[in-house]
Amino acid sequence: MKRIAFVAVLFLITVSVRTSAEKITFVPQWIPQAQFAGYYAAYENGFYADEGLDVNIVHMGMNSTGTAQDMLASGRAQIVGMQMLQALVERSKGNPIVNVMQLTQNTGLCCVSHTPISKFSDLKDKKVGRWKMGFSEICEIVSSREKVDVDWISFVNGINLYVYGAVDAMLCFCYSEYIRILLATGEIPDGNVIRFSELGYDIPEDGLYVSEEFFKENEETVRKFVYASQRGWNWVRENREEALRITKKYSDEAHVVTNGLLEKMMLDEYLELQNNHQTNGTADYAPVSEDVFDGIVSDLYNSGMIDRKIEYKDFVK
């Protein structure tokens, strides 16, 4: 009888813990893919649950006209993934968002051309594809600093503009479109690619963002989510094959067509972007340094992308 009573009490305690879990909706920037494997791993391995969080991962649709920031502003999400340039522009518009984790320490942005290129001036008067919904703020910085007149052609997603020759060149991420073009065409000559990181534009990209109000009222909850997410990414580094199987589960559930080679190459490239070469060369998820941050803000301001300077202490938490 005593044992039965103990089991009953234990069950009640378990139910109580589960029902008191804090609900969090997290929105990555894009459809399910290996770029977000660490968050899937954190969920599937119970790392979020370990912190008392009930996390709902919601993806933006491939044809969505909205953004993760829209989800955050409307209250439909509490935490979102965004790129730093995009987040700074949103902050300058009066949307009080703050950076709570910097995931990638380097930029994976590159430009693939049908003809040889080695510098930005080689793109003068060329038709160059860029994303319509974000991810292209750096174009204005480059155009302003390099004094290069580029005919930017907007696209939503995919590589068709490049593959079918509708543009002379196309912006790509090394872990996404670049790999897709490589797999579709069979070869990309080294001389037909410029990497932004090698030309003075190594701007940190992906991070986690919340509203300033949510952070002030739920700082401990945010810290729990960040800690569990870091656990997830560290687990992925040691369990890449299993992480890819978990990612495929999310892709299948969202009816996203992909393939194993693409996702493996994507994960390898993305994990490399997380390594902090300014410190110990590994993933430490450190916030962007203040001097780098100030340089990024100055570039955005000088290019006309923002109309006021943003203070480091107000943005990085």
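Does D294 count as buried, partly exposed or exposed, and at what relative accessibility? At 36% relative accessibility, D294 counts as partly exposed. Here, buried means under 20% relative accessible area, exposed means over 50%, and partly exposed lies in between (1.4 Å probe, protein chains only).

## Before you start

This is a predicted model, in which local features need pLDDT of at least 70 and side-chain atom pairs count only at pLDDT 80 or more, while totals for chains, interfaces and linings use all residues. Residues are numbered from 1 along each chain as its sequence is written, and side-chain values use heavy atoms, with hydrogens and water left out.

## A negative patch

Let us stay with D294, which sits in helix α13 (residues 290-302). Helices (H or I, at least four residues) and strands (E, at least two) are DSSP runs, numbered from the N terminus. On the surface, D294 gathers with E290, D291 and E311 in a patch of negative charge.

Patches are made of residues with over 30% relative accessible area and no salt bridge; like charges are joined within 9 Å, and nonpolar side chains (Val, Leu, Ile, Met, Phe, Trp, Tyr) within 5 Å. Asp and Glu count as negative and Lys and Arg as positive, with His and the chain ends not counted. The place of a charge is taken as NZ of Lys, CZ of Arg, CG of Asp or CD of Glu. Accessible areas come from the Shrake-Rupley method with a 1.4 Å probe, and for residues only the protein chains shown count as cover.

A salt bridge is a side-chain nitrogen of Lys or Arg within 4 Å of a carboxyl oxygen of Asp or Glu. By this rule the count comes to 16 salt bridges. One of them joins the side chains of R240 and D268 (2.9 Å, N to O). R240 lies in helix α11 and D268 in helix α12 (residues 260-273), so the pair ties together parts that are 28 residues apart in sequence. R240 is partly exposed, with a relative accessible area of 31%, and D268 is partly exposed at 29%.

D268 also meets K264 in a salt bridge (3.2 Å, N to O). Both lie in helix α12, four residues apart, about one turn of the helix. E242 is partly exposed at 32%, whereas R245 is exposed at 52%.

## Two buried serines

S251 is found in helix α11 (residues 240-253) and is buried, with a relative accessible area of 1%. Leaving aside neighbours within four places in sequence, S251 is in contact (heavy atoms within 4.5 Å) with P32, Q33, V256 and T258.

S92 lies in helix α5 (residues 84-92) and is buried at 11%.

## Positive phi in two loops

Most residues other than glycine have a negative phi. D125, not a glycine, has a positive phi of about 65°. D125 is found in the loop between β5 (109-113) and β6 (127-131) and is exposed at 53%. K147 has a phi near 55°, sits in the loop between α6 (137-146) and β7 (151-155), and counts as exposed at 71% relative accessibility.
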